Amino acid sequence: MSGWLQHLPILPVVLPLFAGAAMLLFGETRRRARTILALTSTIAQLVVAITLLGMSGGLISAPWGSDVGVYALGDWAAPFGIVLVVDRLSAIMLTLGATLGLATLVYSLARWERAGAHFLPLSQFLLMGISGAFLTGDLFNLFVFFEVLLAASYGLVLHGSGATRVRAGLHYIVVNLVASLLFLIAAALIYGVTGTLNIAELALRIPLLVGDERALVDAAAALLGVVFLVKAGAWPLNFWLVPAYGAAAAPVAGVFAILTKVGVYALVRFETLLGDAAPAPFGGEWMFYTGLATIATGTLGMLAAQQLDRLAGCTVIVSSGTLLTAFGFDGYALTGPGLFYLVSSVLASAAFFMVIEMAERGRAIAADLLAVSFEAFGLQDPQDPRQIESVVGFPIPAAMAFLGLAFVLCAVLVTGLPPLSGFVGKFTLLAAAIAFEPGPGSNAPHPGLFIAALLLSGLAGVVALSRIGTRIFWSTERSVPRLQWTEAVPVTALLLLCVALAGGAGPAMTYFNTTAQYLEGRGYVEAVLPGMTVTEGFAR
Amino acid sequence: MEIILALAIGIMGGSGVYLLLRPRTFQVIIGLSLLAYAVNLFIFSMGRLNLGRAPVIVPSHGSNPAFYADPLPQALVLTAIVIGFATTALFLVVLLASRGLTGTDHVDGREPEQE
């Protein structure tokens, strides 16, 4: 039994790969078979992810005997082979990704899945890319998984077609293709200098570099930082985000809520592994000010947004900015609360995208728009699947009451008002920022800036959301949208998870704080490269 | 040899960036392809430029790495070429869809207003 359990870390990559590939063989007409396959695979991924979470947290005894699991592909030991690494951080992200995958999958079954070709296989490949990016311990492999998730996301962002989607998708694709090319340059440069692509070995070698080699690695790190910041949606690299997320179909936008966090994850991973030797883009100050600027753009965007889907895109930017700023603090005081905020905000924004789509279904198009923005964002899509009249299953009663409640809960979560988990996340961030004391001699940025930005963005969020919410739910010119149980259940589940996160805030925060302590130590490097010592940064 | 390769990478990269910033989708896709070529050559050069070294194991050379070219950048280039090829093909489809849906090949989906 334990022999099989050893192979658990590869499952989040292999399961969606095979499930997605098998679905392609079934053809569009065998929808039932495809649906069952997709549900089975996604539920299995969630189970695997939760098991890995338990193992890395020490709740379930792990076959690798410590809380960092290293899976050597083909049994080639690191640094020669490619490894997958399961630690606390990647297990948290993995579970989050699988949760979103399942919720959006169930949601999409009601109608969106039929709005275009190959939705289910593409979403499986997206999950594969996301899981792989969280698991891999190899820089080039990280690039490959980024490409897998991006390729799938290119397909998904166009799902449902229509001029608005294609236009937003075009920009999204170009920006990400350029970012991928930068990633390649950075990876090649790092390999050229250090002679390795294994992230743990890089953590050993980079601090030893001096002179020209150090400068080259700094340049490569700058490029790498740009790539991750593009993914994270940091200002000024985030202008593609709002149109693309707004135009994407609701379940797609829901699962995209974690894509920006893949960038944040990569930044945190490199920052913590390289420690004090981290080149500028991963070090504190840069990330702090970039994060502040990102919060500012997102906040202004929220206030200016006329459409709910654009507003939701802006909340994603604000949460990215908050995370970048929090992780930009010196040391690890804000890392635990930051992770809590990350989980809560990803769950909330995914639910938010889906609630918005349901709430807008019953409305005359452009009822909430000013004349100017209606002109700017185009006419009604003729192929918009929101117009599909055929409805499967039973519509749920009291749809408006459900939607109103869900909207309020989402608003409370994304703005960080009590009593839900958004508040706990923001409160602990603020508490940690107030208690923060910069080390002697450090010219760390003032925590007051962070506190002000966090509070102001919350206030702006409340203003913007209540304004738009009033127009939607207290409007008399609307028909009640028809909802399916399969659409209401995933939203409810995501919101209940946030409630549970608030209820179990104590244990959850302990877990996240332990994760932060683990990140501070050298556990990752020691697990991947046991006993390896490096005396020279330069490999040749 | 170094200078020729560096010039090739520089010229292709420069032309690629220029085309990427142009407003027509066809220019953008050619720009992306040129940039991808430049990047592929760059990755290749990161294995150091050598002449007359064996790419795979030759029994008479034994296991001394000094006799062999670095195989890793070659593997990376191969992966990058495949991925670049796929994404370019995908972008081409989106480009055509955009042309069909909006009636223009401008990247913003509409012609700039004449002044």
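Helices here are DSSP runs of H or I with at least four residues, strands are E runs of at least two, and both are numbered from the N terminus. Contact means heavy atoms within 4.5 Å.

Some housekeeping: this is a predicted model, where local features need pLDDT of at least 70 and side-chain atom pairs count only at pLDDT 80 or more, while totals for chains, interfaces and linings use all residues. Residues are numbered from 1 along each chain as its sequence is written, chains are lettered from A and ligands numbered from 1 in the order written, and side-chain values use heavy atoms, with hydrogens and water left out.

Buried means under 20% relative accessible area, exposed over 50%, and partly exposed in between, using a 1.4 Å probe and protein chains only. An α-helix has 3.6 residues a turn, so residues three or four places apart point the same way.

Now the nonpolar core. The largest one has 213 residues, and A:L139, A:Y172, A:F183, A:F228 and B:F91 touch the most other members. A core is a set of buried Ala, Val, Leu, Ile, Met, Phe, Trp, Tyr and Cys residues joined through side-chain atoms within 4.5 Å. Setting aside neighbours within four places in sequence, A:F183 is in contact with A:L139, A:L142, A:F143, A:F146, A:L224, A:V227 and A:F228.

On a 1 Å grid over the protein atoms alone, a cavity is a set of points where a 1.4 Å probe fits but cannot get out, a pocket is an open set with protein on both sides within 12 Å along at least five of seven lines, and lining residues have an atom within 4 Å of a point. Points are joined across faces, edges and corners, and a volume is the space filled by probe spheres set on them. The whole structure has ten cavities of 30 Å³ or more.

| Space | Volume | Lining residues nearest the centre |
|---|---|---|
| Largest cavity | about 120 Å³ | A:T315, A:V318, A:Y341, A:V414, A:T415 |
| Second largest pocket | about 1,000 Å³ | A:Y191, A:G195, B:D70, B:P71, B:L72 |

In the largest cavity, α15(A) gives the most to the lining, four residues. That lining has six nonpolar, eight polar and one charged residues. (Ala, Val, Leu, Ile, Met, Phe, Trp, Tyr, Cys and Pro count as nonpolar, Asp, Glu, Lys and Arg as charged, and the others, Gly among them, as polar.) For the second largest pocket, the largest share comes from α3(B), with five residues, and the classes run to 20 nonpolar, eight polar and seven charged.

The A:P418 to A:P419 peptide bond is cis, with omega near 10°, and A:P419 sits in the loop between α17 and α18 of chain A. A:D75 isn't a glycine, yet has a positive phi of about 60°; A:D75 is exposed, at 69% relative accessibility. B:R48, also not a glycine, has a positive phi near 70° and is partly exposed at 34%.
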